Amino acid sequence: SQITTLINHKDKPKRSDKTLQAIQRVGQAVNLAVGRFVTVGEAIANENHELKEEMSVACIEARRAGETIAQLTDVASLDHPESDSHITIFTDKTGVVKAARLLLSSVTKVLVLADRIVIKQIITSRNKVLATMEQLEKVSSFQEFVQIFSQFGNEMVEFAHLTGDRQNDLKDEKKKARMAASRAVLEKCTMMLLTASKTCLRHPDCESARINKNGVFHRMRLALEQVIEIVTDSRPNGENEMAPISIYSGIKEFKNKVEGLRENLYFLSKENLSTMLEVILEHTEDFTDSAYTSHEHREHILELSKQAKMELEQLVSVWMQAQNQKTKDLMEDLEVAILKTCQCMNELKREVHSAATSLAADLLKYHTDHMVLKALKITGVEGNLEAVAEYTCKLSEQKEQLVEMCRLLRHVSGTEPLEITCIHAEDTFQVTGPQIISAAETLALHPSSKIAKENLEVFCEAWESQLSDMSMLLREINDVFEGRRGEKRVYLSLPRPGKHNANLKALKPVKLDTEEQAKIAKLGLELHLLTSDVDSETEKWEDQENEIVQHGQGMSSMAYSMYLFTRGEGLLKTTQDLFHQAEIFATEGTKLASALHAFSDQVHDDDKPLLLLEAEKLICMCKQLQITAKAPVQGKSATFTKV
């Protein structure tokens, strides 16, 4: 960003001392930053001989470019730079551009080399863990097992640190979620590996103990493999990872294409749209075929699927006519068809969301007492094989229900990271269920075995822990659906729709013309971009409890829900909701302004008047917004202007 400032500075004939000093400061800052960066690069080079030469060359290039920039921006002492023989940014701007290019390419080279080293460290660490796991698998005496397990523990800690740092550095949210899931598996499995191996050593002839232990080793190997795939960005045998598309993302893409017809009638074919809808409706069969979907939900989903086909047929018919002749009437008919199709898809989305989340809420409530697990522990200690067999059947049923719940939740999870969390939860139930069963069978065969009892406890705890994670996941999925981004839920001071406007009659949806739609969508998008700016600024603050940060985040969250309103999504359903939210938004802005006033007492340089000026502007804007939000309006045109 400093380099961009330098390159973009305007060549004004009159240069103040302030400008000259600023340019010099930027040049020195760049040089110092490069110096610090290169020092780290050189230290890395010294520790890694195979890349030392490449790294050293890149570091030398970066240092040289940084020094060149510092020389070219050494202008503060010059009163008349043109008459001086000294070459500066004013006499040779191309020199700065060349140096900047060299600097950026060498810095990139250093980063890529450092990244290769990090990847190599993770692979080396994984190989150590795998080798020690092989020793643990073959070991036959307790004493030897304890020695090797202590080494294994240290290696797992090192691997956890390296992969944790990598997870934080990943920019792709999807990879981040997959990495988190794999690391969670490894963390939980380390304890399981200890008790399962000890049980197997204590009861070497027990088949169920051996099955139990093998399951843990297999799961750990898969998780280690997945970490390496994410880190090296590769798939085994060059296959592509194709996650099945969810209903939520299918509807989102379909709506985008339909709304795109407003701008361009020719950018896609009717077959294309029909296929997209077919895929979505095929996925709804996961709900309609499920034994756990209520009769009411099933009927509604089938009705909406039928309606969606009809709306699309109507849309295609008008769209084909509009391609031949663009009359005003036809364009209005097309707008109606687009709105009706999108409305139907929104209702379908709401229905599958309701079906999945109500099933999840019911199941989680029903299974919170962990009755089956408690019964397995008791009957296992009693050595009652018949009762254990009966309860393992019940656990298998419970597992099937929870797996189905995860599959349905994945369809409505709303974001890729949450989708991955649903897939991870499904895997955990699939694998942990049979492991609890083999651990319970081992205990029933050896009822007085302390280690077999401890082993069953460990697997039951993993199951309970996954169930409690599901409650959090369900909350997050609901937050995303309702336009409350999980971490922001505290700041949404809007009452739930239906509560504050219960006395209002159901308002008929107002049909906006194409121009009005475009205007609202554009304003909404601008608002969305601004919330992203605010979020990235507030994230930079170390003290997240700071009053200024909290008010800023609160305003950003409310603005985000207003943006969702422009898309026909989120918590704000009517214009009344929007105006009410605007009033709360203005109140929050006034609070931010008073927090800025209080903070300005700690500021003593030139920034203080600027800060107070912004706070004053903010107060005026908040008052203006309050007046606008409270002003009574009647009729479509006036309401649109107010929105």
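In which loop is H370 found? The loop between α11 (328-366) and α12 (371-381) holds H370. This is a predicted model, in which local features need pLDDT of at least 70, side-chain atom pairs count only at pLDDT 80 or more, and totals for chains, interfaces and linings use all residues. Residues are numbered from 1 along each chain as its sequence is written, and side-chain values use heavy atoms, with hydrogens and water left out.

**View 1. The protein chain has 20 helices and 0 strands.** Helices (H or I, at least four residues) and strands (E, at least two) are DSSP runs, numbered from the N terminus. Of the 643 residues, 44% count as buried (under 20% relative accessible area, 1.4 Å probe, protein chains only). The chain exposes about 34900 Å², by the Shrake-Rupley method with a 1.4 Å probe. Carbon and sulfur atoms supply 54% of that area.

**View 2. H370 has a positive phi.** The phi of H370 is near 50°. H370 is a residue other than glycine. Most residues other than glycine have a negative phi.

**View 3. F145 and F149 pair within helix α5.** Rings of Phe, Tyr and Trp (its six-membered ring) pair if their centres lie within 6.5 Å; planes under 30 degrees apart count as stacked, over 60 as edge-to-face and the rest as tilted. The count comes to 4 aromatic pairs. One of them, F145 with F149, is stacked: 5.7 Å centre to centre, with 25° between the planes. Both residues lie in α5 (residues 142-169), 4 residues apart, about one turn of the helix. F145 and F149 are both buried. Together with F152, they form one aromatic cluster.

**View 4. F429 and W463 form an edge-to-face pair.** The ring centres are 5.1 Å apart and the planes stand at 70°. F429 belongs to helix α14 (residues 416-445) and W463 to helix α15 (residues 450-481), so the pair ties together parts that are 34 residues apart in sequence. Both F429 and W463 are buried.

**View 5. Lysine charges sit over the rings of Y248 and F579.** The criterion is NZ of Lys or CZ of Arg within 6 Å of the ring centre and within 35 degrees of the ring normal. The charged end of K349 is 4.5 Å from the ring centre of Y248. For K642 over F579, the distance is 4.0 Å.

**View 6. Y560 is buried in helix α17.** The helix spans residues 547-566. Y560 counts as buried because its relative accessibility is 16%. Y560 and L530 are 30 residues apart in sequence and 9.1 Å apart in space, C-alpha to C-alpha.

How values were computed: Buried means under 20% relative accessible area, exposed over 50%, partly exposed in between (1.4 Å probe, protein chains only).
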